[in-house]
Amino acid sequence: MTDHINPRNEELHQRFEAVWGKLPGWGTLAAVNHTTIGVRFMVTGMAFFLFGGLLAMLMRTQLALPGQDIIGPEVYNQLFTMHGTVMMFLFAIPVLEGLAMYLVPKMLGSRDLVFPRISSLGYYCYLFGGLIIVFSLALGIAPSSGWFMYTPLTDATYSPGRGPDFWLLGITFVEISAISAGVELVVSILRSRASGMSLGKMPIFCWYILGMSLMIIFGFPPLVLASILLELERAAGMVFFSVAGGGDPLLWQHLFWMFGHPEVYILFLPAAGIVSTLIPVFAGRPLVGYRWIVLSIILMGFISFGLWVHHMFTVGIPQLAQAFFSVASMLVAVPTAIQLFAWLATLWTGRVVYNLPMLWIFGFLVVFVCGGLTGVMLALVPFNWQVHDTHFVVAHMHYVLVGGMLFPLIAGFYYWLPHFSGRMPSERFGRWGFWLTFGGFNLTFLLMHLTGLLGMPRRIYTYEAGLGWDWLNLLSSVGGFVMAMGVAMLIVDFALHFRFGRRAGENPWHADTLEWATTMPASSYNFVSLPDIRSRHPLWDDPQLPHSIAAGEHGLADIDHIRRETWGTDAVTGEVREILHLPSNSWLPLQAALLIALLCISLLLRIYPLALFATIAALLILLRWSWHNGAHPRAAPVTGNEPAAPSLHSRTCDGPGLWGMVVTLMANGTLYASLLFGWFYLWTAAPQWSVPEEGPIALWPLLASGLLLSTAALPYRSALAELRMGGDRRLQSRLWTAAGLGLGHVALLLWVLLGASLAPQTLAHDAVLCVMLIYLLLHSGLAVILTALQALRVRCGYVGRKLPYEPVVLWPFWLYTLGVFWLGFVAFILLPMAWGDA
Amino acid sequence: MVIIPLLMAGCAGPFSTLDPAGPSASAVAGLWWGMFAAATAVLLAVVGLWLYAAGRTQRELNRKELNSELPNSERLDGERLSREKFSDEQAVRIHRRWIIGGGLILPVTAIVLLLTFGIPVGHNMLPLPVKEEVLRIDVTGHQWWWQVNYPDGGVELRDELHIPAGVAVDLYLTSADVVHSFWVPRLGGKLDMLPGRTNILRLRADEPGTYRGQCAEFCGLHHAHMQFTVTAHSAADFAAWLAEARTDD
Amino acid sequence: MWSPFHPLHLVLGLIVWAAWFVAMYGGLSVVCSVAPPAPALGARTWINAALLALTAVITALLLIQGWRCWRASAPAGEGSPNQRFIGRVAAGAYLLTAVSTLMIGLPVIVLPPCL
């Protein structure tokens, strides 16, 4: 604890700690606080980073000399698959999300993220999923078909082992964590800022994280869908990607790269956010071109979704279509260049302090610009035809990812170290670490460009002597080990500084953003009182802010109600709209994650009764989770002296829950859109697409079930309209009616599905229809269960005239369920009929 | 003067794209050298500018014989100085100049130039309809070998192709199992071999000789060893070879 | 038309761009698989003309919207600083999106559609 707490307000801080702190002992596993969870994400991610690096060392050992047989192809193929998978899914994304989770509330001047239990669930899903994937390597049956998992190499015929299943199930499990963190960050940034912090006053880092999170929302679902389909093909024999029966292996490639390319920018955005945060601090000058940078974040977020085919230039797509993607790939250089030159102008007009974080920023600049330039080259189609799948691409990709993500991340770690430990980094060790890493990296990968141009393909475990590749590979291996020494030096430096580092003073870097107004190390509640923020640089404009915050001179400094509270603010203007009350420590996330892990393992072992049990148990835990909300005694029970204006969010019709629902549905809608894409893609492009002569689904019963679902939404809607007017007449009976009619729909739809003459194991057409029907069934089933839950809550008095919040949250889900049903009806049933008749 | 032959020697190799032996590979190698020169210039310029920008205020302060070793706590003085030097309007002008010049004009110009050179190169590699007859060879990828058929000649080979030098051939590429990719680096770009589809790759070897090829798309356990050779013969030799191969069957 | 300061303007242009991009790629792919024009026609086919027309219309729309946002967010305008921030960024987004649309669309002038 540092200086801004004096004895006068010590007692206030202790009372806050009592409400916000972790449980003692093992109770720490029930922690939901963003500071704790963020650090856990980062530490776990770094552990996976070291593991992935170790795999790279093994590969470089094997490739150091031609014709070596230290590691055979079986193991080598597992190594490069796991290296890519671990670095992408278990290191890069989680570490950046962890850093964002840790920093965003502190920068926004709030006390926690808006869905703290989701943070915890996300962490456990990530941890368990990661362990399952890594465990496969210990068993020697790790996936060995590359991190891109191209079919048909990964289907049951060519990969009969369990390797691909580990990948598909484990990664899907980890992605739950990525998407849930994405939803949580979006809603937190939009709805829980400091009072008065309008969009234009937000710290630039939060804009980057907003961009990253939205990209995760739209980027990950295609891969989730693809993984589900491939797992269904492997485990249940359904046809999606094999040519016989009307599938297409290219569908996998499209879905994979629709995720895979945005992924690179998902990694780059937060790293660029670190750069944009550090440069103004060390130049002593506000960031030049704030609006330009916001603009380039938005542009990057969109344009990077229009590039995926540049990973597929060699599959034989018409050249005109390739040209669209080629130009789009080059155009992404525009927002990148805008940022580079905005940083340059900031340095130009400022006075730069040279220190360890800036050293890493300069390292980032050199390496990333080089990677960006080779990226523009690769976007040129004819050049791509030559170097695609060679070591040139390996070099390019590492320049972009290591330069564009790892270097800024380390700069950020050094910069925020005082936050984690209360101590400053040492300069000398750190410089050694930098130069070894930087030198080793360039030795390894600069030469690799040439290796690729000399024709060495990727993913070969050995090569013959005398092809001109020998000395290049040897030097690359040497460089790899030098870089490993650099990383080891960094770890030693980090570890030693916790013991020997100089104590950090208040705001040690003279930074401008609010995270430096907390104590160091940070307390669980961040700020005892929540200040009004009207400037982009609160700490430059008012250096006394940390003291007035710690003295409780600003908003929400009362803790007698023992609720965890923070401001809920308007998404655009940042004006206070309500008080958010957040859940406290909870075991539910751990229980849910354990059950999902059980589901994952039982699917791996193909013990389906156990999988069914785990699914139901996990669902029950999640229902219990949503039971402990709103006016439930464990959340914010109704008391006599509630704040009236602003009121508690669960007493309003618009809170973070509604926003969370809508953002989640965006991700879900992307999944559905990917399924639609797959349907139309196979219909037009699959080489052996065939349609059964008779439509396999009974048309009229399906239509009837749809009408029943639409009718079910009516009583829900009138109940909601009444709640919004402030009444609750017949609320419970209307909800029960909606649930009952919905149940009728579910029964009818299930009957249609069971009665349909589908042959999903021989026809891709039927397999897609089957997935679509199950998707609809799951949604309407969930709508029924959740509506019944709300009806029960009305009976218990947790929902009502004064507590309208939860039915409002559920309404978009009803609309979505209706939307996907009718869209599906048109796209999967009517359109093919019309097409067939034409 | 000494460097260039050394460089050229370093670029040779049986799989080297920088040692082209056909029009497609030559065009791409040309593109590469052009892009390499331009990219190096941009990299040096950007890094140089950054270093200059980062050092300039410091140098200015030194010139004014101010204490250059300001302790951290007094850094705010330097900040004030830099603010005095640039009013906010000046800063806006400077950033407009850099962001519009470097962020918009530079990349858009580079892209237009690149496409002007690049699109025709790509276009010329396509199997466009031509007047003269083009020799067709069917190549099918298997785990982990290449099946080569001459549909007009009834010849089937394994892991070797024979083509006439100096004329274009069309390779009809497909796969019997997983995705492979057909690549002869010294002759031209690669093209994937997909089950259920046939892609056409047009290649030409300028001179007779033997060129090596390999699978470029990861295809499982023995991917590293999935290689083949392309032998280009002069017109007369090719006719003789074809006749002999036919009689062998 | 709603206010030029609505935050949706920040992304609306790019959403239109994304839809346009899907229409270009999807339309081209469907035409090439259903009724490919003869390769001998080169780039002078009805599909190239249609794609070019679509590109021109979308570019013009984006430019008009961008101009609207820019004009509304002039320093002398009626918006609050927060609204002007959104208007300015939105205008930039529309402008750069229009540039991207034009540049991505231009290859239809020279390249044959289905080879």
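Ser181(B) and Asp192(B), the latter in S7(B), are bridge partners in the predicted model. Strand S6 (residues 180–183) of chain B and S7(B) run antiparallel and are joined by three bridges. Helices and strands are DSSP runs numbered from the N terminus, with at least four residues of type H or I for a helix and at least two of type E for a strand. Two strands are taken as paired if DSSP finds at least two bridges between them. The model is predicted, with local features requiring pLDDT of at least 70 and side-chain atom pairs counted only at pLDDT 80 or more, while totals for chains, interfaces and linings use all residues. Residues are numbered from 1 along each chain as its sequence is written, and chains are lettered from A and ligands numbered from 1 in the order in which they are written.

S6(B) also pairs with strand S9 (residues 209–215) of chain B, in the antiparallel sense and over two bridges. In this pair, Trp183(B) stands opposite Gln214(B) of S9(B). S9(B) in turn is joined to S10(B) by six bridges, and these two strands run antiparallel. Tyr211(B) has Val230(B) in S10(B) as its bridge partner. These strands belong to an open sheet of five strands in chain B, with the order S4-S10-S9-S6-S7 and mixed pairing. Strand S4 (160–164) and strand S7 (191–193) of chain B each have a single partner strand and stand at the edges, so one side of each lacks a neighbour in the sheet. From one strand to the next, the twist averages 25°. Helix H5 (residues 235–248) of chain B packs on this sheet, where it touches S4 and strand S10 (227–233) of chain B, and its direction makes about 135° with that of S4(B). Axes are lines fitted to C-alpha atoms, for helices over the stretch in contact, and angles run from 0 to 180 degrees between N-to-C directions. Residues are in contact if their C-beta atoms, placed from the backbone, lie within 7 Å.

A further open sheet of five strands in chain B has the order S3-S2-S1-S5-S8, with mixed pairing. Its edges are strand S3 (155–158) and strand S8 (199–204) of chain B, each with a single partner strand, so one side of each is left without a neighbour in the sheet. Neighbouring strands of this sheet are turned by 25° against each other on average, direction ignored. Within the sheet, strand S1 (residues 135–142) and strand S5 (residues 168–175) of chain B run parallel and are joined by seven bridges. Val139(B) stands opposite Leu173(B) in S5(B).

Chain B as a whole has five helices and ten strands. Of its 249 residues, 36% are buried, a residue being buried if 20 or more other C-beta atoms, placed from the backbone, lie within 10 Å of its own. Among contacts in chain B between residues at least 6 apart in sequence, 64% join residues at least 24 apart.

The contact between chains A and B takes 67 residues from chain A and 75 residues from chain B. On the side of chain A, two or more residues come from each of helix H3 (73–108), helix H7 (249–283), helix H9 (319–331), helix H10 (333–349), helix H11 (356–379) and helix H12 (381–387) of chain A. H10(A) provides the largest share of this side, twelve residues. The residues of this side comprise 46 nonpolar, 16 polar and five charged. Nonpolar residues are Ala, Val, Leu, Ile, Met, Phe, Trp, Tyr, Cys and Pro, charged residues are Asp, Glu, Lys and Arg, and the others, Gly among them, are polar.

Within chain A, the axes of H11(A) and helix H14 (residues 427–453) come within 10 Å and cross at roughly 10°. H11(A) is therefore roughly parallel to H14(A), a description applied to angles under 35 degrees. The residues that meet include Leu356(A), Leu359(A) and Trp360(A) in H11(A), and Phe434(A) and Phe438(A) in H14(A). By class, this contact has five nonpolar, four polar and two charged residues.

The contact between chains C and A takes 32 residues from chain C and 26 residues from chain A. Helix H1 (9–34) and helix H3 (81–105) of chain C each supply at least two residues of the side of chain C, and H1(C) gives the most, with 13 residues. This side divides into 26 nonpolar, five polar and one charged.

Chain C has a mean pLDDT (the predictor's confidence in each residue, from 0 to 100) of 90, and 98% of its residues reach 70 or more. The predictor gives the complex an ipTM of 0.95 and a pTM of 0.95.

Methods:
Two residues are in contact if their C-beta atoms, placed from the backbone, lie within 7 Å. Angles under 35 degrees count as roughly parallel, over 145 as roughly antiparallel, 65 to 115 as roughly perpendicular and the rest as oblique. A residue is buried if 20 or more other C-beta atoms lie within 10 Å of its own, exposed if 12 or fewer, and partly exposed in between; C-beta atoms are placed from the backbone.
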